[in-house]
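Trainee: I am new to this structure and would like to go through some of its backbone features. May we look at it together?

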Amino acid sequence: MHPAQTPRSLWALSKGETCAVLGFDEALPEPYRIRLMEFGFHQGEVVTCLLRPGFGAPRVYRVSNTVFSLDVEVARFVLVEQSAVGSV
Amino acid sequence: MNRVLLIGSPNSGKSSLFNRLTGLNQRVANFPGITVDVASGPFARMPDVELVDFPGTYSLQPISGEEAVAVEFFQRSLTDPEVRHVLCVVDATRLEKSLYFTLQVIRECQERGKPVTVLANMADVLAVNDLTFDHAGLADAIGAPVLLVSARQGLGIDALLSELRQKLITQPAVPSRWSETPDELLRGSAHQLAQRFGPRGDVLVQSQLRLDSFFLNTGLGGIAFFCIMFLLFQSIFTWSAPVMDGVETVVMGMGATLVPLISNQVIADFVADALFGGVGAFLVFVPQIFVLTLVIGVLEDSGYLARAALICHRPLKVFGLTGKSFIPMLSGVACAIPAIYAARAVDSPWQRVMTYLAIPLMPCSARLPVYALLIAVFIPDETALLGLVGWQGLALFLIYFFGMFAALVITGVVSRLASGAKSELPFVLELPPYRLPSIRPILRMAINRSKHFVTKAGKVILAVTIAVWVLGYFPNGGTDLGTSWLGELGHWIQPLFEPIGLDWRYGVAILSSFLAREVFVGTLGTIFGIEGAEDNMQPLVEQIQGSGLPLGSGIALLVFFAIALQCVSTVAILSKEGSFRLASRMLVGYLVTAYLLALLTFTVVQALL
C-alpha cells in the first residue's frame with residue numbers, strides 16, 4: 001500500500017514515466033471524460049508517457065496496447081498518481 | 001434484399017475488410033448535410049446480400065454532430081427488417097480499445113433481435129509477432145461468435161462467409177445477455193474481458209515507439225515531415241500534370257472533331273466554348289483529385305498522417321485550426337478543389353469550417369498566370385546581390401506569402417470572434433501502428449472522390465460556365481467582348497473599379513475570371529486584341545504598360561486576386577462539402593474583403609508615390 005500522493009496532471013509526466021489514472025478534473029466536460037474512458041483511461045489503469053515532442057506539441061501516451069496523443073487542454077485534466085509499475 | 005451491416009472503430013481494418021468482401025462493386029453515399037461516407041455493395045461471393053459499411057466510430061455515445069448522425073443512422077438501420085446480421089470489426093492486437101464499443105453494438109443488436117458476429121481482424125499481425133488471442137473464450141464470455149480474420153491476407157474469410165450464409169438462412173435466436181446493461185457496466189466488463197482474453201506482450205507498441213521516436217523527434221522528425229510534404233506537393237503539381245494535359249488534349253480533340261460537323265454557328269460556338277471548354281476546364285482537375293486522394297490515403301493507411309497532424313497541431317491551434325488542417329492547406333497551394341476534399345480528415349466540424357476558410361486563400365496554381373502578368377508589368381526583370389535575388393521572384397514570393405498569412409489571420413480572427421458559437425473537439429488522437437498501406441481500399445476511395453467531383457460539382461460548374469458564355473456571346477455573336485452583355489456589365493460596374501484606378505476592361509476580366517482565375521489573362525488578351533496571351537504574355541505586358549495602368553492599381557489587383565474567391569469550381573465543391581450557406585458567405589465575404597483591401601492598397605501606394 002502506497003501512502004496517499006498529491007494527484008498530478010498527465011501533462012506533467014516526463015518521458016518514460018508511468019503512472020496510474022486517478023480520475024478527471026471536474027473542468028473536463030463529461031463527453032470528453034467518457035471518450036477518454038472508452039479509450040482505456042480508467043481509474044487505476046497504467047499510463048505511460050512515451051514521447052514529449054518539442055515546441056509544446058501534443059504528447060504521446062500509452063494505455064494498454066494503444067498509443068494516443070493528447071494536447072495540453074485535455075491531458076492537464078487527467079489526474080494521475082505514481083504507479084508501482086515503474087517506468088519504461 | 002438481405003442486408004448485413006459492417007461496423008467497427010477507426011483503425012480496425014474495417015475498410016480493408018469491406019473491400020475484401022465486396023470487391024470493387026460499391027457505391028458511396030453521404031449522410032444528408034455532412035461528409036460521412038456510407039459505402040454499400042453486394043458480397044462478391046453472395047451477390048444477393050448487400051454489405052453496408054458504416055463510418056468508423058469509437059462509441060455509440062457520440063461527442064460530435066457527425067458521430068451523432070452516424071450513430072442515429074446505425075440505430076435506425078437496426079429496425080430495418082432487411083438487415084439480417086451485423087458484423088462488428090475489432091483490432092485483435094488492441095482489444096481494449098475496441099471491446100467497449102463492441103459490447104455496445106451487441107447490446108443494441110440484442111435489444112432489436114439482430115445477430116452479431118465479431119470479426120477479430122489482424123490475425124496475420126498476431127501470427128507474425130507470435131501473439132495469441134483466446135477468441136473462443138471471448139466468444140463464450142460475450143455471447144456472440146468471434147472469428148479471427150485477416151482482411152489483408154484473406155485469412156478466415158471463407159469461414160466468415162460460410163457462417164454468414166448459414167445464419168442468413170436459419171436466423172439464430174438472439175440472446176439477451178447484455179440487453180439493458182448500462183454503459184458504465186459495459187465499460188468495466190470490456191476492460192476485464194480485454195485483460196482476460198486479449199493478446200499479451202507489448203512487442204507491437206515497442207516497434208511503434210521506435211518509429212515514433214524518429215518521426216516525432218524535434219529535429220529528424222521535422223526533416224522527415226518536410227521531405228514527405230515535399231513529395232505530397234510534387235504529387236499534386238508534377239505527377240498529375242501529364243494526365244491533366246492528357247485530359248485537356250482529349251477533351252479539346254473531341255471538341256475539334258465534333259464542332260466542324262455542326263452547321264449552325266451559334267450552336268458550334270456554344271459546343272466549342274461552353275460545353276467542351278467548360279467540361280475541359282473542370283475535368284482537368286480529376287487527375288489532381290485522384291492523385292492527392294491516393295497519396296493522402298497512403299499516408300493515412302501507413303499511420304503517418306496522424307503523426308503529421310500531431311507535429312502541426314500546436315502552431316495551427318493559435319489560428320483556430322488543428323494539426324489535421326495542415327495537409328488540406330498545403331494541398332490548397334496546388335489547387336483548392338482536392339484540398340477541400342482532403343479537409344474531410346478534419347473530424348471537428350468547427351475546425352473543418354476553419355480549414356475551408358483557409359484553403360481558398362492559399363496561393364493556388366491558377367493565381368500564378370495572373371501574378372506573373374501583373375509582376376511582369378510592374379516589376380523590372382532585374383536581379384540584385386550578384387544575381388542571387390531576382391526582383392520578380394521576390395515579388396512572387398511576397399504575394400504567395402501574403403496569401404498564406406491572410407489565411408492564418410482570417411481563421412485566427414474568425415475563430416476568436418465566434419468563440420461562443422464554436423464547439424471544438426479536443427485533440428485526442430489515436431496513433432495507429434505503422435503498416436504497409438492496403439492499396440485497393442485507397443484506390444476505391446480515390447475513384448469515389450473523383451466520381452463525386454464529376455457528378456456533383458460538375459453540374460454547377462457547367463451551369464455557371466454556360467451562363468458566362470451566354471453573357472459574353474450575345475447580342476453580337478461573340479465578335480466583340482466589349483459590346484457583349486458581359487462587356488455592358490463591365491461598363492455598368494466601372495464606377496466600382498474606378499476608385500482602384502481600373503477601367504471597364506479590367507472589370508470585364510475580373511468578372512470572367514470567376515470561372516477560373518487564369519481566365520483573367522486570356523480575357524485581357526482578347527480585349528487588348530492579342531491572341532494566345534495565356535501562352536505568350538509579353539505583347540500583353542507591353543500593351544498594359546502602354547495603357548498607363550498605375551502601380552497602385554497593379555498592386556491592388558495582386559491583393560484582390562490573393563483574397564477573392566474567384567473560382568466557380570471551388571465554390572461548387574464548398575457548397576457540396578460544406579453547405580450552400582457557407583459557400584455563398586465565403587464568396588461574398590472574400591469578395592468584399594478583397595475589394596476593400598485592394599482599395600486600401602491603391603490609396604496607400606498612390607499616396608506614397
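**Backbone features in chain B**

Mentor: Please keep in mind that this is a predicted model. We may begin with Met122(B), which sits in the loop between β6 (116-121) and α4 (123-128) of chain B.

Trainee: What is the phi of Met122(B)?

Mentor: Met122(B) is not a glycine, yet its phi is positive, about 80°.

Trainee: Is Met122(B) buried or exposed?

Mentor: Met122(B) has 30 other C-beta atoms within 10 Å, and a residue counts as buried at 20 or more, so Met122(B) is buried.

Trainee: Which loop holds Asp130(B)?

Mentor: Asp130(B) lies in the loop between α4 and α5 (135-142) of chain B. Its phi is also positive, near 60°, and Asp130(B) is a residue other than glycine.

Trainee: Why is Asp130(B) classed as exposed?

Mentor: Because Asp130(B) has 9 other C-beta atoms within 10 Å, and the limit for exposed is 12 or fewer.

Trainee: Why do such phi values deserve a remark?

Mentor: Because most residues other than glycine have a negative phi; likewise, most peptide bonds are trans.

Trainee: Changing topic, which peptide bond is cis?

Mentor: The one from Phe474(B) to Pro475(B) is cis, with omega near 5°. Pro475(B) belongs to the loop between α19 (439-473) and α20 (485-492) of chain B.

Trainee: And which residues are buried in helix α17 of chain B?

Mentor: In α17 (residues 368-378), the buried residues include Val370(B), Tyr371(B), Leu374(B) and Phe378(B).

Trainee: What covers the buried residues of α17(B)?

Mentor: The cover includes α18 (391-417), α23 (519-527), α24 (538-546) and α25 (551-563) of chain B.

Notes
Residues are numbered from 1 along each chain as its sequence is written. Chains are lettered from A and ligands numbered from 1 in the order in which they are written. This is a predicted model: local features need pLDDT of at least 70, side-chain atom pairs count only at pLDDT 80 or more; totals for chains, interfaces and linings use all residues. Helices (H or I, at least four residues) and strands (E, at least two) are DSSP runs, numbered from the N terminus. Two residues are in contact if their C-beta atoms, placed from the backbone, lie within 7 Å.
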